Amino acid sequence: MLEALLGSVNKERVLFFISARDEGYAREIARFFATDLAPVQKQLEGLENGGILASRLAGRTRLYTFDPRYPLLHELKALLAKSM
């Protein structure tokens with residue numbers, strides 16, 4: 001639904017997943033949507049570089065969540081909730 005706005009179906013999937021579960025890692029997201037891992041990793045990296053997501057290591061796994069300092073976080077979450 002938001003693919004046209006976000007420019008990528010995988011970016012939409014990543015944002016929906018993080019919105020629904022509060023955090024996630026690349027392989028988990030790729031498996032959930034039955035898609036390839038590389039495009040999901042690319043979107044996670046891009047969203048983190050853009051300041052939308054933040055990551056942390058839990059053992060050898062990089063977990064991603066919304067960056068609470070992102071200025072449009074409330075609006076982004078509202079848009080995702082509305083489109084779910």
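Let's start with a word we'll need throughout: a residue is buried when its relative accessible area is under 20%, exposed when that value is over 50%, and partly exposed in between (1.4 Å probe, protein chains only). What you're looking at is a predicted model, where local features need pLDDT of at least 70 and side-chain atom pairs count only at pLDDT 80 or more, while totals for chains, interfaces and linings use all residues. Residues are numbered from 1 along each chain as its sequence is written, and side-chain values use heavy atoms, with hydrogens and water left out.

With a relative accessible area of 13%, glutamine 43 is buried. You'll find glutamine 43 in helix H4; helices (H or I, at least four residues) and strands (E, at least two) are DSSP runs, numbered from the N terminus. Which residues does glutamine 43 contact? Leaving aside neighbours within four places in sequence, they are Ser8, Asn10, Lys11 and Val14, where contact means heavy atoms within 4.5 Å.

Asparagine 10 sits in helix H2 and counts as buried, at 11% relative accessibility. Not counting residues up to four places away in sequence, asparagine 10 touches Thr35, Pro39, Val40 and Gln43.

Now zoom out to the two helices. H2 and H4 pack with their axes 9 Å apart, at an angle of about 70°. Those axes are lines fitted to C-alpha atoms, for helices over the stretch in contact, and the angles run from 0 to 180 degrees between N-to-C directions. H2 is therefore roughly perpendicular to H4, since 65 to 115 degrees counts that way, while under 35 is roughly parallel, over 145 roughly antiparallel and the rest oblique. On the H2 side, the contact is made by Asn10, Lys11, Val14 and Leu15, and on the H4 side by Pro39, Val40, Gln43, Leu44 and Leu47.

Next, the nonpolar core. That's a set of buried Ala, Val, Leu, Ile, Met, Phe, Trp, Tyr and Cys residues joined through side-chain atoms within 4.5 Å. The largest one here has 19 residues, and Val14, Ile18, Leu44, Leu53 and Phe66 are those with the most contacts inside it. At least two residues each come from helix H2 (9–21), helix H3 (26–32), helix H4 (37–49), strand S2 (61–66) and helix H5 (73–83). H2 gives the most to this core, with five residues. As for leucine 44, its contacts beyond four places in sequence are Val14, Ala26, Ile29, Leu53 and Tyr64.

Then come the rings. The structure holds two aromatic pairs. Phenylalanine 17 and phenylalanine 32 are edge-to-face, 5.5 Å centre to centre with 70° between the planes. Rings of Phe, Tyr and Trp (its six-membered ring) pair if their centres lie within 6.5 Å; planes under 30 degrees apart are stacked, over 60 edge-to-face and the rest tilted. Phenylalanine 32 and phenylalanine 33 also pair edge-to-face, at 4.9 Å and 85°. Together, these ring pairs link Phe17, Phe32 and Phe33 into a cluster. Phenylalanine 17 is buried, at 3% relative accessibility, whereas phenylalanine 33 is partly exposed, at 25%.

Finally, where does aspartate 22 sit? Its place is in the loop between H2 and H3. Aspartate 22 is exposed, with a relative accessible area of 53%, and has a positive phi of about 75° although it is not a glycine.
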